[in-house]
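Have the picture open while you read.

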Amino acid sequence: KIELKKEDIYAVEIVGGATRIPAVKEKISKFFGKELSTTLNADEAVTRGCALQCAILSPAFKVREFSITDVVPYPISLRWNSPAEEGSSDCEVFTKNHSAPFSKVLTFYRKEPFTLEAYYSSPQDLPYPDPAIAQFLVQKVTPQSDGSSSKVKVKVRVNVHGIFSVSSASLVEVLKFEENEEPMETDQNAKEEEKMQVDQEEPHAEDQQQQTPAENKAESEEMETSHAGSKDKKMDQPPQAKKAKVKTSTVDLPIENQLLWQIDREMLNLYIENEGKMIMQDKLEKERNDAKNAVEEYVYEMRDKLSGEYEKFVSEDDRNSFTLKLEDTENWLYEDGEDQPKQVYVDKLAELKSLGQPIKMRFQESEERPKLFEELGKQIQQYMKVISSFKNKEDQYDHLDAADMVKVEKSTNEAMEWMNNKLNLQNKQSLTMDPVVKAKDIEAKIKVIYGFEYSVVLSALLFIINGP
């Protein structure tokens with residue numbers, strides 16, 4: 001149990017329209033002895049709370065540990081037939097505002113299968129008229145070998161989503177009694193057969209609020225209170241000189257759920273099918289919107305770049321006509337093109353790119369071409385240096401074959417001539433026209449010259465590095 005005092009509270013945040021009333025604020029502030037914070041409105045508080053809860057439940061996020069105690073909004077009771085009382089009995093299992101998630105273990109004494117009926121015990125508080133929740137049939141219950149009622153432990157649970165269920169049931173079988181000792185189940189206990197007991201002690205209200213995390217503690221906290229009416233009988237029970245020792249085994253029992261308000265399988269399949277159709281419609285709608293947005297983005301991008309980095313690469317007339325086309329497309333998007341099929345937007349984007357792509361290509365070529373020409377020039381200079389060293393009969397190149405070096409020299413001269421020719425032609429070419437030589441042509445020439453002389457030049461370089 002965690003004791004929380006007023007002085008332990010660091011800050012108080014109040015949310016909701018009523019908390020803005022001065023008298024309400026004054027009372028809350030006086031109670032806590034602190035200035036109140038009203039930085040959140042109701043919608044923001046709910047949104048932040050939902051986001052936090054999603055992060056806590058999600059395995060994809062790791063957040064700081066928070067103590068969050070949810071409650072059961074409406075009291076939940078169980079009803080069952082009780083032959084011992086010649087009628088039905090009921091018990092409120094979860095009171096209003098009981099902490100959740102939470103589990104309780106109920107003990108019944110039965111000789112045959114029995115049904116538990118779950119319902120909300122305060123129907124006047126419900127937002128709908130029918131208080132029934134579900135029926136749970138505990139199956140395969142059999143008497144003990146001596147014909148007495150078997151102890152059946154039934155676990156009921158309210159999960160983190162506030163859903164009530166009978167999660168499990170088990171039958172306790174007595175296998176063996178020790179000699180010269182009285183059995184635990186006395187004759188007086190036999191009179192109590194068909195009764196129900198709660199095997200766990202429900203925490204006090206203040207304890208429930210302190211449970212952290214609620215899921216783990218609720219699972220383990222046991223209750224030890226007996227059903228009303230059974231205490232008086234136990235008081236008359238004769239004292240036992242020695243507690244009996246018995247061997248027992250637990251057998252899991254199947255539970256048949258008859259959930260009310262549950263749709264049948266055929267209707268559920270229909271809903272699943274409709275959901276699949278809606279998912280597909282959402283996907284198609286997203287693709288349509290993406291296609292529309294792509295057209296709009298291209299219009300904005302090209303309009304900005306035509307007066308910016310692309311300005312030198314398009315003629316005045318072409319720029320004016322393309323700009324006019326972009327404006328017409330923008331107007332169309334907000335009028336007739338507001339709700340068109342995906343393919344219409346795809347075709348419209350292709351039409352615009354047929355005009356804008358050549359301009360974009362000329363810009364990209366102007367950016368890449370100088371770097372590639374520089375790389376080609378460095379390769380040519382490197383090979384010319386090797387050729388010159390070979391002709392000067394330097395020692396590190398004596399091992400090279402003269403015929404191979406002739407081929408290297410020829411290829412290098414051709415590459416240098418090709419590069420100078422293309423550079424001269426490109427310098428004379430207007431930037432608004434397609435380039436004389438493209439980056440891919442220069443890359444191909446680099447690969448050819450590098451590949452042809454690679455074996456020869458590499459051997460020379462290796463000779464320089466490693467020696468003869």
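Q: Leaving aside its neighbours within four places in sequence, which residues is Ser29 in contact with?
A: Lys34, Glu35 and Leu36. Contact here means heavy atoms within 4.5 Å. One quick note: this is a predicted model, where local features need pLDDT of at least 70, side-chain atom pairs count only at pLDDT 80 or more, and totals for chains, interfaces and linings use all residues. Numbering starts from 1 along each chain as its sequence is written, and side-chain values use heavy atoms, with hydrogens and water left out.

Q: Where does Ser29 lie, and how far is a polar atom of its side chain from the backbone oxygen of Lys34?
A: Ser29 is part of helix H1 (residues 22–32); helices are DSSP runs of H or I with at least four residues, strands are E runs of at least two, and both are numbered from the N terminus.

Q: Why is Leu284 called partly exposed?
A: Buried means under 20% relative accessible area and exposed means over 50%, with partly exposed in between (1.4 Å probe, protein chains only). Leu284 has 49%, so it counts as partly exposed. You'll find Leu284 in helix H7 (residues 265–306).

Q: How many of the chain's residues count as buried?
A: Of the 468 residues, 31% do.

Q: What makes a set of residues a nonpolar core?
A: The members are buried Ala, Val, Leu, Ile, Met, Phe, Trp, Tyr and Cys residues, joined through side-chain atoms within 4.5 Å. The largest one here has 30 residues, and Leu78, Val154, Val156 and Phe164 touch the most other members. Among the elements giving two or more residues to this core are strand S2 (76–82), strand S8 (150–158) and strand S9 (164–177). Apart from it lies another core of 18 residues, including Ala291 and Tyr345.

Q: Leaving aside neighbours within four places in sequence, which residues is Val156 in contact with?
A: Its partners include Leu78, Val93, Phe102, Leu106 and Phe164. As a general point, nonpolar side chains tend to be buried together in soluble globular proteins.

Q: How many helices and strands are in the chain?
A: There are 11 helices and 13 strands.
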